[in-house]
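Welcome! Keep the structure open while you go through them.

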Amino acid sequence: MKRVADKALGPLLNYLHSTGRERVGIGRTMAAARVYNGLFHSRLAAGRKAMFEERFEELILENGPCTSEPNTMVDGLALDTSGNLPYIEELLKESDELISERGEAKAASDKYRSFFRNIVSPGDLRRWPSFLDFITSSEVVTTVSRYLGYVPCLSGTLPPGVRFVESWKKYDANPDSPPRDSQLYHMDPYGTPMVYVIVLPRDVTMRQGPFHYIGEAESQRIAREIGYWSPGKPFRIQDDEVYAHLDRSKEMVLDLPRGTVLFIDPSRCLHYGSRNSEDPRYMVMYGLTSPVRTDFSESLMGGTKVKPAPGDSRLRRAIIDKHYRD
Ligand SMILES: [Fe+2]
């Protein structure tokens with residue numbers, strides 16, 4: 001049914017996903033996408049709300065009880081510098097393997113966002129199991145689900161649900177051009193609310209173009225003041241406009257040690273990164289959304305699919321597979 005509708009409405013959806021998005025207004029296209037996707041996926045979303053509201057404790061116990069108090073997201077954020085989250089040691093070790101095998105291995109190019117590349121694919125997740133073990137651990141799922149009010153799933157389109165990103169000026173054919181694309185402040189329109197879980201597999205300093213971010217309340221105030229997401233407003237905001245409204249003491253920088261974990265709602269918190277990466281910067285980035293997204297990417301893109309394995313808990317299946325029903 002959805003496929004038929006996607007095909008029939010293809011040109012319109014494509015327009016709203018590309019050139020029309022800013023013209024019509026990102027906020028309006030998101031509202032339209034929520035209604036459209038809701039026609040097909042609202043039952044999946046309701047099921048995930050029920051999983052959280054009615055059976056969450058049982059699902060967590062089956063997945064493996066929390067061994068420490070989960071982080072709580074406040075103001076769209078939670079920062080964990082304890083180094084104690086489950087599977088973090090394994091994730092760091094496997095990240096080292098991945099970096100030594102695939103890091104610093106590409107020539108400069110002028111392709112779209114060449115300064116930022118993903119070096120892991122869904123097929124790699126069996127070889128390096130800690131990537132899924134970490135994001136499906138009870139502590140991490142509890143933090144994210146409590147913030148969202150439902151059990152989310154890994155994004156299958158934009159962004160890919162599991163990314164291992166390497167940012168480096170050396171990959172950019174125009175390294176000295178003014179900041180562009182994700183190097184400028186923005187909020188992501190894929191779903192709202194949604195959560196990114198970002199892990200630093202190496203220490204990050206200012207030489208690596210660290211991720212910059214602003215809490216939800218301050219971000220929303222700025223967005224209101226500049227009319228962000230309104231018709232005609234660009235997705236990426238130039239620095240002078242943001243800094244005319246931002247109290248700079250509220251700007252946060254992820255220039256922190258290996259093992260740091262940031263939970264952030266990128267649809268509610270302004271952020272940018274990968275600016276002036278003199279040295280390579282690495283981040284594991286997970287994207288968790290509702291099955292009812294606020295973009296049209298699933299209608300227009302093939303997407304990636306990570307498959308659950310036999311023996312996976314119900315909670316783990318729900319995180320991995322958008323279509324899972326308990
Ligand atoms: Fe973003």
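**Exercise 1.** Is Asn118 buried, partly exposed or exposed?

*Solution.* Before we start, note that this is a predicted model, in which local features need pLDDT of at least 70 and side-chain atom pairs count only at pLDDT 80 or more, while totals for chains, interfaces and linings use all residues. Residues are numbered from 1 along each chain as its sequence is written.

Step one is the rule: a residue is buried if 20 or more other C-beta atoms lie within 10 Å of its own, exposed if 12 or fewer, and partly exposed in between, with C-beta atoms placed from the backbone. Step two is the count: Asn118 has 13 C-beta neighbours inside 10 Å, so it is partly exposed.

**Exercise 2.** Find the strand that holds Asn118, then list the residues in contact with Asn118 beyond four places in sequence.

*Solution.* Helices (H or I, at least four residues) and strands (E, at least two) are DSSP runs, numbered from the N terminus. Asn118 belongs to strand β2, residues 116-118. Two residues are in contact if their C-beta atoms, placed from the backbone, lie within 7 Å. Leaving aside neighbours within four places in sequence, the partners of Asn118 are Pro160, Arg163, Phe164 and Val165. Take Pro160: 42 residues separate it from Asn118 in sequence, and the C-alpha to C-alpha distance is 9.3 Å.

**Exercise 3.** Work out the strand order of the open three-stranded sheet that contains β6.

*Solution.* Two strands pair if DSSP finds at least two bridges between them. The order is β7-β6-β9, with antiparallel pairing. β7 (251-253) and β9 (271-272) each have a single partner strand, so they stand at the edges and one side of each lacks a neighbour in the sheet. Strand β6 (residues 212-214) is joined to β7 by three bridges, and His212 stands opposite Val253 in β7.
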